[in-house]
Amino acid sequence: MELKELNEMDKKEQDRVNNLIKKHKSDKKIDINIFYDDFNLDGPYTSYNPISSVDLKPFQLVPFFKNIIIDIKPFKNKNEFEKYYGMSVERLVDLKGQGLFKFRLTNNYSEYYGLENDYLDLILYNNPPISNVVNRAHGLLINNNDDSLLDIFNIIGDDEFNFGNLLNLDLGVSDPMVLSAMDMMAAFGDKTKCGDDFEYKKVAVNNFINLWACGYNKINDFFKILLQIGQGRLDWVFLFSNVYANFFSNPVLESLNGTHMINSKLKYWADDLSILKLDKIFEDPNIPDGFEKADQTFLNSDVAKIMNETMPMNTLLNDYDLDDYDFTGAIDALNSLEKIVDNKREKDIVDASLELKNQLSLASDIAGNMQENKSFSYDTVNKISLGFSYIGTLGSFAGGSEYSLLSTISSVISTALSTLSSTNLFNTLYDGINKLNKENHICYIYDNYDKLNFSIAERIYDVGADRNFLIFNDNLTNKYHYYEYLYKNIPSLKVLIDINAQNTIAEGYGVKVDNPVMNYELNKFIKEISLNSKLKLLLQHYFLYGVGYFINDFKSDGAFKDVNVINPHYVRTINKNGKKYFKVNLNGIETVYGNDKISSFEGCSLVEKSLPIFDSFYYDITKKSDRPSLYYDVILNNRDWCEKNPFKIDESIKVTKESLELCNKLNNKSHKILLLFQLGMLYQIREDYELSLDYFEDSLEVLNQCQSDNLIGYHNKIQTQIDKVSKLI
């Protein structure tokens, strides 16, 4: 389509929306659907706009909804489009013709110019509405003007902000915020955008507009503070704005007052924001007036604990499964629950919720039966965990643990508050509630990754327990329990492990050989032993515990039979004569296996690597003074010992080398510089000048690799010692 024609379509859409603004300017209640009158939506319905790089596809939502609003993004070519949506343009248009899908553009028409072979013209010629134009119009009806947006636009403008912390890189720290922000950006369709600050700003600004468009101006006021403290952290603002927009404004603007789909990564971050210590976010001690107040009355008390019971759900594997799927039980049950919540019939909520849960279970069974004997690629989500909840003012029925599946999503008044208070909630944060025509929204919270499940007190069923292996009673077991404790209590750690496992496994495990028959048989075998799911579990173990173990099974004739993941609680790695062996406790008898029976992948736990962040932001959870000795604890204790015993040179060298070994495991360059320098000084005192020089030169070499300026002052100090010792050799 020619650019001139696309510009004309932009003008036509803007004129349409302006006329609706004039028509409804005096309305006491504003319904977002006045801008989408041609959709003729039939409930229950939702929107499709995923937040993760591996996510559900539109056809997989069909068992839950009568209509699905699909946001059409301007991907450069058909291949990118089909990878994102899981189906072709022609198939989407076909299903739209059947009344299932409704199309909406994410960008102005002019931004769809120059796409390869004009592949989206089939959709553009249907004149779909533009979401960002509509959202701006909705905001004008709610707020009467857009003055409150101007300040934040000016702040974010062309300014440069920190993205992550360079010191964290030198410390070897895995920052959950940075990684999650990059993962969310990848979900917007182009992984190359993950390193482009402009793209993060653009998405954040869109979130600001959406929050403003529903009256959440006080949330945007908080973002102004975040952007002005120190040099500002763009990754934090990007992440926070995605969380808040998805919980508060997007059920209105994206799902058009329907049932909103929320990826559990956002749920975990919403949980995380309720426990995060904001006074530790920025290193700049000059916090402006008002920050402490915002901390206490806003974010610490925002989106408090989210309590929703989830259930496993099988999904459809391809869009042609739609031809054979005709069960509407889950759709009808959700529709009933929507009406009950809309009418505030609190006494009927629980029964309707349990009925929806039963119907979802039946829908899962049907999809599971349809999956049998079908192959699918790794990036096809074949199972999710699903919970449902609501967002809004109706809260008196949802707080008790007895009905925990009814999650209190947006409790923003007090961290101690377990139910929503309609008066306090919206008087505190919501300027425009009186102009919205719908106060409560049902939402589905889904998770397409398996989570690690365990009890601190008692291990759940595991392949190790199945083989009569016993858990070791040692310091490493205590450390593993502590890792698990943090995994259960710091939601961002779950996200961090999920994303690392997801990115590592990439497209899944497979083999490719020239012989097509052998290629088929090998990949068939990989599927038969469920290697992809086992590899995912292995990686989760690896990133949590710092090690992952495979145990191999063989037939009676010695042929390979199967491979299983065994929890690190049941295995200990030992070294004999330079070879690696694996010790297990078999019915109380220690048994040693070689690497033909057990294989290991060893590294460093993300708990150990992230500990400086966790100790800073979640210090009341990490219990620094009452935990097993972790790597950083050993490093700091060794430092203190050396300071207290300055004349015990040999012992100081020993503990300093121990700390250096741990720094290498952590990839901590910052501490490594100091330890190498300290060893140089110790060997200088011992008059071993050649070894002293080696350590000083190594220290300078590591310093030159650092990205932050925190230790820049050490350059001259190290060089002075190098010059001094060189003269003594």
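Q: Which strands does helix α3 lie across?
A: Helix α3 (residues 89-97) lies across β2 and β3, at about 120° to β3. Helices (H or I, at least four residues) and strands (E, at least two) are DSSP runs, numbered from the N terminus. Axes are lines fitted to C-alpha atoms, for helices over the stretch in contact (heavy atoms within 4.5 Å). Angles run from 0 to 180 degrees between N-to-C directions.

Q: What are the caveats?
A: This is a predicted model: local features need pLDDT of at least 70, side-chain atom pairs 80 or more, while totals for chains, interfaces and linings use all residues. Numbering starts from 1 along each chain as its sequence is written, and side-chain values use heavy atoms, without hydrogens and water.

Q: What order do the strands take in the sheet?
A: β1-β2-β3, open, with parallel pairing. Pairing takes at least two DSSP bridges between two strands. The edge strands are β1 (45-48) and β3 (101-105).

Q: How many bridges join β1 to β2?
A: There are 4. Tyr 45 stands opposite Asn 67 in β2. β2 (residues 67-72) and β3 pair over 5 bridges.

Q: Is β1 covered or open on its faces?
A: Both faces are covered. Tyr 45 and Ser 47 on one side, Thr 46 and Tyr 48 on the other, are all buried (under 20% relative accessible area, 1.4 Å probe, protein chains only).

Definitions and conventions
Buried < 20%, exposed > 50% of the residue type's maximum accessible area, 1.4 Å probe, protein only.
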